[in-house]
Amino acid sequence: MNILFLGAPGSGKGTQSKNIEKAFSIPQISTGDLLRAETASGSELGDELKKIMSSGKFVSDDLVLELVSKKISSDDCKNGFILDGFPRNLSQATSLDDLLQKLNLSIEYVFLIDVPTDLIIKRCVGRITCNICGKIENEFFSDYKEGYKCEKGGVFTKRADDNEETVTNRLNVYSEQTEPIIDFYKEKGILHRIVGGEDGPERLTDEITSILKSD
Ligand code: AMP
């Protein structure tokens with residue numbers, strides 16, 4: 001089962017991918033996480049990526065394609081995978097099609113997580129992530145704050161690109177470059193629109209799970 005999550009930054013696609021990863025035992029491939037791991041390594045490439053990512057711009061298509069290609073071809077993904085944050089423009093979407101064709105694979109489900117923009121900004125600016133288990137909380141909607149301990153032993157930290165200015169840039173880049181791929185997948189007949197709101201992520205996970213189980 002090969003799944004793809006689309007949605008603006010802060011729409012909750014990371015949370016949904018993680019929930020589906022747990023429920024169906026297929027790995028999540030988050031290009032944002034892979035790139036952040038590189039920035040944390042202190043390498044020259046990592047330093048370059050840090051600059052691009054903290055401005056809200058995209059890193060090069062070739063680099064993300066290489067990261068995704070390595071992951072998809074690995075043994076971990078032999079029962080399926082969940083793409084989160086890739087593709088993000090039409091060129092990446094067609095490169096992904098080419099790659100999957102070579103591997104004799106295809107995407108069966110695309111979930112578009114659709115959330116109103118005012119909520120998205122609050123979600124990004126308040127987002128904190130456990131540096132060990134990856135659990136996501138929000139300073140506006142929970143009792144957790146940056147620096148608090150997670151029950152798994154890690155510490156909640158804020159992403160460098162989750163400030164209001166960068167979030168606004170990322171939303172502009174999303175509407176210019178990523179939104180056009182919604183039609184690309186709609187035309188393939190595999191797009192499911194999931195509407196998110198002020199309630200928690202559980203309702204959305206249930207909706208996605210029932211679509212995945214209905215086939
Ligand atoms: P995310 O964690 O998905 O919000 O991604 C954080 C940042 O990583 C983005 O703002 C981009 O700078 C970069 N990034 C992640 N995925 C991609 C991608 N598919 N193409 C280009 N840049 C990406």
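How many bridges join strand β1 to strand β3? Four, and the two strands run parallel.

## Basis

This is a predicted model, in which local features need pLDDT of at least 70, side-chain atom pairs count only at pLDDT 80 or more, and totals for chains, interfaces and linings use all residues. Residues are numbered from 1 along each chain as its sequence is written, and side-chain values use heavy atoms, with hydrogens and water left out.

## The five-stranded sheet

Five strands make an open sheet with parallel pairing, where two strands pair if DSSP finds at least two bridges between them. The order is β2-β3-β1-β4-β8. Strands (E, at least two residues) and helices (H or I, at least four) are DSSP runs, numbered from the N terminus. Strands β2 (28-30) and β8 (191-195) form the edges, each pairing on one side only. On average, neighbouring strands here are turned by 20 degrees against each other, direction ignored.

Strand β1 covers residues 2-7, and β3 covers residues 81-84. N2 stands opposite F81 in β3.

## Helices across the sheet

Axes are lines fitted to C-alpha atoms, for helices over the stretch in contact (heavy atoms within 4.5 Å), and angles run from 0 to 180 degrees between N-to-C directions. Helix α1 (residues 13-24) lies across β1, β2, β3 and β4 (109-114). Helix α1 runs at about 160 degrees to β1. Helix α9 (residues 202-214) lies across β1, β4 and β8, at about 155 degrees to β8.

## The three-stranded sheet

Another open sheet has the order β6-β5-β7, with antiparallel pairing. Strands β6 (136-138) and β7 (156-157) each have a single partner strand, so one side of each is left without a neighbour in the sheet. Three bridges link β5 (residues 127-130) to β6. T129 has I136 in β6 as its bridge partner.
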